Amino acid sequence: MTDRAGSDDIVRIKSVFQDIAHYISDSVLIADSRGCVLYMNPQAFKLTGTRTHQITDLRIDELIEIRNPDKQELFPADLLGVQSNCEIVLPANSFFRSHSGQQGFITGKAIIKVLNDGTTLCILVLHRDESYYRSVFNGIPDVIGIQDNRYRVIEYNEAGYRYLNMTPQQVEGKTCFELLGKNNPCNPCATCRCMDTCRPERTEKFVDGTSTWLDCRSYPILDDQGSVVNVIEHLRDITEQKRTEDAMIRMEEDLRTTLNSIGDAVIATDMEDRIIRMNPAAEILTGWNRDEARGKPLKEVITLHRLKGSGRLKDNTELSPADNDIDSVADCLSLKSRDGKVRQISYSRAPMRDPSGKVSGTVIVFRDISNEYRIREELRESEERFRNLAELLPVGLFECDRNLRLTFVNSEALRMFEYTQSDVQNGLNAMDLISEESHAFAEETSRRRFSGEVIPVVEYLCRKKNGTPFPVLLYITAIQNDENVYIGLRGVLIDITRRKELEEELKNLSMRDALTGLYNRAFFEEEMQRLKTTGMHPLSIVVCDIDGLKLINETMGHRKGDELLKVTAEILRKAFKNNNVIARIGGDEFAILLPKTKESITDELCRQVQKETDLYNSLFKDIYVSISVGYAVSSQTASDPTELFKIADHNMYRAKLHQSRSSRSDIIQALVKTLEARDYVADGHAARLQIHVSAIGHKLGLSDARQRDLNILCRFHDLGKVGIPDRILMKKGPLTPEEFHEVKGHCEIGYRIALTVADLAPVADYILKHHESWDGTGYPLGLKGVDIPLESRILAIVDSFDAMTHDRPYQKALTKEAAIKILKDKAGKHFDPYLVDVFLSIIDPR
């Protein structure tokens, strides 16, 4: 201390102050001009909350700060700046705050003393201003009381004495329960609990015999050991508050009942967009339990998407308006619930406000409109679908007013009449679309429809914009307003031009043979009956029949047979060029009616048929045509066309019998030529086979007749292959099982062809069996051994050898040695072993 003051006076002053200040109730602090603490009495230690050993090297402003009533700092800055002896009285209601946390109002003086050596000391004499607290204490409208730890009242404020209707003398020193006329403390009350817990306590109680509610709060005053010394009791009349709370509770209950009973979902949020309330309907709609959802952000509980517009995710913050508007959206959102179910909703939202009118949150009301939305969407889609159909349908749609002025026309109707929408907008009238010859009928139809008559369909002749007429079907109905007054017409227009053409075509087809285009039998017979009464004599009837059509169908297929029918029809058209009735009256039969035609001309025309046939056969080799012809003339034998037809048919059959043998042979020869022309048989194949079978027959000593049959067999054994398609015969790779099955059929086809021709009939059985195998694995009958005709066994060996040693589409030729080895390997299996030895002795005599 001597170092700080620099003078013996400081020691002297300190001693004097210590003796005096130690016993006074005021707080005394001494500081030098720098503000460093020199001395503090015990009361100052309590005021600042400082212990004696802590003041060394402390500045006074580190212990306490003093401010005037305007909160301006007084000490130490202002007081230490004084340079002369003086005494400064602190302003009333000066405020202090110690750095230990104590604060309050204070009175006192600051004495500035300048010592002889120039050292300045500041002596602070401070005292807490109890008068301020007393005024505050008594000015509080609530009851404030102080009790000791034995429940004895120390003091009440003025409101407390008024509440008790007693004087301080009647109250002080008595227990609180005695003042209430009781023998023991009220338990549990806030004061009792405060005594026990040493913590602030609170209770609410209803005062018996009154309608008063009190909010009771107790605060403990503790000593240094933490024991209760005194308790401050605070009583507040909360009767009105309770009434308000009761009203609020009733309102809350009414609100809850209302919210729980309505079908719409209701969610309330605070200003941070957190959920504070939701009703059961909202629980169902969102999938969230209200307790789980409470306090969660709105975005976490509901997920919204736009149903219209951009389709982007709806920003849920848009559901929390901060303005005065009530927002309502009818049907633009879908809500995805917690379980993933999506519903269409409508919603409205509004801000919630506190009593001051400030926005405190948002109320959002949702309604599940999934069913309504679905129905509306179905209706919209239906309308859109029918609107599109109106444009896509290949029929004209129109509406017109009472004056027949067109008010709606679809695209097809515009195309149909070759008008534009601008023509319609300029006042196009329905009568402008009707041909002149249908005007009267159209006006009458409109009049009848406006009178209420039902006219389901009418046919008009209309006209395009350029005047071209065309037929239409019109389905028409009248349009009525709400008063059932007819205000217009609505209809469907169908252009039936093509229909009329088709009717004509169908009429024509009903008289025509579909395959050849000639007249059919029904028309031919009808025409004969007509000629019976018209006197078109002399009448000639020609009947023609295709030779071998059945053979062609069986060997080369019905497609070739149809081709033969078409060729025959064309030959007859060329032979009978005039407008004669040429008809196909049966499968292979044709007939021609020649009115007013003499026999000589008829005979010449029949000869022309043969000429056209010969010309065709000379030009085309793929199919052979042979036609048997017979005719009859009415002036010659009969006048009835039916009888005349019978005679002509009889004459045709006579001609057919006369030439049947030669024509059938010609067909067979044509088939063989067709077969030889196909690439699957190498040139000279039949000739080489004949050489080999002749050698074998000579060695076996066969008769000349059997030798001739073998030679015929060599040429015609594969005749049945004319019915096998080129895609199979010419295939270069292996055949599929289905293709091989088709190939195997050529044996039976050749057999049937041979039976139809006298020259081939003796070898028909050999043709059928020439692919049978010695061991029974061949086809088509699976014969084995000597059950197979000798001629067929001989042919099988020489045919296989020739096939192996010459190129085929499916394989290259083998050497003679390789082919011989295969014959030896298959002897006794596929081939007769004896005949193999005979054949090998001829081609390889070694």
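These are my notebook entries on a predicted model of one protein chain.

**Entry 1: Conventions**

I number residues from 1 along each chain as its sequence is written, and I use side-chain values for heavy atoms, with hydrogens and water left out. In this predicted model, local features need pLDDT of at least 70 and side-chain atom pairs count only at pLDDT 80 or more, while totals for chains, interfaces and linings use all residues.

**Entry 2: The whole chain**

I looked up the elements and found 32 helices and 28 strands in the protein chain. Helices (H or I, at least four residues) and strands (E, at least two) are DSSP runs, numbered from the N terminus. I then looked up burial: 43% of the 846 residues of the protein chain count as buried. Buried means under 20% relative accessible area, exposed means over 50%, and partly exposed lies in between (1.4 Å probe, protein chains only). I also looked up contacts, meaning heavy atoms within 4.5 Å. Among those between residues at least 6 apart in sequence, 52% join residues at least 24 apart.

**Entry 3: The sheet with E9 to E13**

I traced an open sheet of 5 strands in the order E10-E9-E13-E12-E11, with antiparallel pairing. Two strands pair if DSSP finds at least two bridges between them. Which strands lie at the edges? They are strand E10 (153–156) and strand E11 (201–206), each of which pairs on one side only. On average, neighbouring strands of this sheet are turned by 20° against each other, direction ignored. For such angles, axes are lines fitted to C-alpha atoms, for helices over the stretch in contact, and the angles run from 0 to 180 degrees between N-to-C directions.

I followed strand E9 (residues 143–148), which pairs with E10 in the antiparallel sense over 3 bridges. Gly 145 has Tyr 156 in E10 as its bridge partner. I also noted helix H9 (residues 190–197), which lies across E9, E11, strand E12 (213–222) and strand E13 (228–237). Helix H9 runs at about 160° to E11.

**Entry 4: The sheet with E20 to E24**

I traced another open sheet of 5 strands, with the order E21-E20-E24-E23-E22 and antiparallel pairing. Its edge strands are strand E21 (406–409) and strand E22 (458–463), each pairing on one side only. Here neighbouring strands are turned by 30° against each other on average, direction ignored.

Strand E20 (residues 396–401) pairs with strand E24 (residues 486–495) in the antiparallel sense over 6 bridges. I located Leu 397 opposite Val 492 in E24. Helix H18 (residues 497–509) lies across E22, strand E23 (469–480) and E24, and runs at about 130° to E23.

**Entry 5: Helices H31 and H32**

I looked up helix H31 (residues 816–826) and helix H32 (residues 833–843), which pack at an angle of about 160° with their axes 10 Å apart. The angle makes H31 roughly antiparallel to H32. Angles under 35 degrees count as roughly parallel, over 145 as roughly antiparallel, 65 to 115 as roughly perpendicular and the rest as oblique.

Which residues meet in this pair? Lys 816, Ile 820, Leu 823 and Lys 824 in H31 meet Val 836, Phe 839, Leu 840 and Ile 843 in H32. I sorted the residues of this contact into 6 nonpolar, no polar and 2 charged. Ala, Val, Leu, Ile, Met, Phe, Trp, Tyr, Cys and Pro count as nonpolar, Asp, Glu, Lys and Arg as charged, and the others, Gly among them, as polar.

**Entry 6: Helices H25 and H30**

I found that helix H25 (residues 704–716) and helix H30 (residues 790–804) pack at an angle of about 45°, their axes 11 Å apart. That angle makes H25 oblique to H30. Arg 706, Leu 710, Leu 713 and Cys 714 in H25 meet Leu 790, Glu 791, Ile 794 and Leu 795 in H30. By class, this contact has 6 nonpolar, no polar and 2 charged residues.

**Entry 7: Two glutamates**

I placed Glu 527 in helix H19 (residues 521–534). Is Glu 527 buried or exposed? Glu 527 counts as buried because its relative accessibility is 11%. Leaving aside its neighbours within four places in sequence, Glu 527 is in contact with Val 581 and Leu 593.

I found Glu 62 in the loop between helix H3 (42–48) and strand E3 (64–67). With 40% relative accessibility, Glu 62 counts as partly exposed. Glu 62 touches Asp 57 and His 99, not counting residues up to four places away in sequence. Glu 62 and Cys 36 are 26 residues apart in sequence and 9.4 Å apart in space, C-alpha to C-alpha.
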